Amino acid sequence: MSLRIGIIVGSTRPGRAGKDVAEWYHAKVTETPDVEYEIVDLAEFGLPLLDEAMPAAMGQYQNEHTKAWAEKIASFDGYVWVTPEYNHSAPASLTNAISFIFNEWGRKPVAMVSYGSMGGVRAAEHLRAIAGELEMADIRLQVAIRSPWAMKDENGNIIEDLVSGNPNDQMQQLVWWAQALKTARENA
Ligand SMILES: Cc1cc2nc3c(=O)[nH]c(=O)nc-3n(C[C@H](O)[C@H](O)[C@H](O)COP(=O)(O)O)c2cc1C
């Protein structure tokens, strides 16, 4: 079964580390067979602060930017949320984008790739609580990168001593859940 996994870059500011982290992770996990990966850059969607009148769970999206975002997210069987830690939590750019839609996330798995002075683990824990409300299955294994401002060597490569967790081990768990839940959704 072919699966589609979206690797979502959660930060949007100029000069962010998030895009590099997502590209590094993507390069690592392409060994996993039968999976199509896509990096989804929030900055390219240009979402404003949530401006839909109806709660997302009702699925009555009015704005073109919401419809485009919903269509993209609906096209995946599972997700990697690449998140920095801002003020001991996840960035507003990511939580705002998550809140725009609802059913598109549901009954699918999500894995956390976090970064920050302590690996961004507090952001990831907060996102796990959000994932629960969205009826997502959060993957136990985590990839965490310490000191993102110093994570690249002189050649621009991520210094792997700063990384905890193995992207391929995490992806294997994500793929297991993505496949199981895809089958369950199709049989529901
Ligand atoms: C608004 C803001 C708040 C931050 N708060 C934290 C924090 O609480 N803990 C931490 O480890 N790093 C914190 N940092 C540092 C970020 O983890 C680090 O700058 C990271 O590169 C930000 O991700 P980005 O470059 O993709 O935006 C903060 C950075 C910003 C911009």
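A: A residue is called buried if 20 or more other C-beta atoms lie within 10 Å of its own, exposed if 12 or fewer do, and partly exposed in between, with C-beta atoms placed from the backbone. This is a predicted model, in which local features need pLDDT of at least 70, side-chain atom pairs count only at pLDDT 80 or more, and totals for chains, interfaces and linings use all residues. Residues are numbered from 1 along each chain as its sequence is written.

Helices (H or I, at least four residues) and strands (E, at least two) are DSSP runs, numbered from the N terminus. In helix α1, the buried residues are Gly 18, Val 21, Ala 22, Trp 24, Tyr 25 and Val 29. Viewed down the axis of α1, they fall within an arc of 165 degrees (taken from the directions from the helix axis to the C-beta atoms), so they line one face of the helix. An α-helix has 3.6 residues a turn, so residues three or four places apart point the same way.

What does that face meet? The buried residues of α1 pack against β1, β2, β3, β4, β6 and α6, where contact means C-beta atoms, placed from the backbone, within 7 Å.

Now for the loops. His 88 sits in the loop between β3 and α4, and its phi is near 60 degrees, a positive value in a residue other than glycine. His 88 is partly exposed, with 13 other C-beta atoms within 10 Å. Glu 135, in the loop between α5 and β5, also has phi near 60 degrees. Glu 135 is exposed, with 12 other C-beta atoms within 10 Å.

Terms used:
Two residues are in contact if their C-beta atoms, placed from the backbone, lie within 7 Å.
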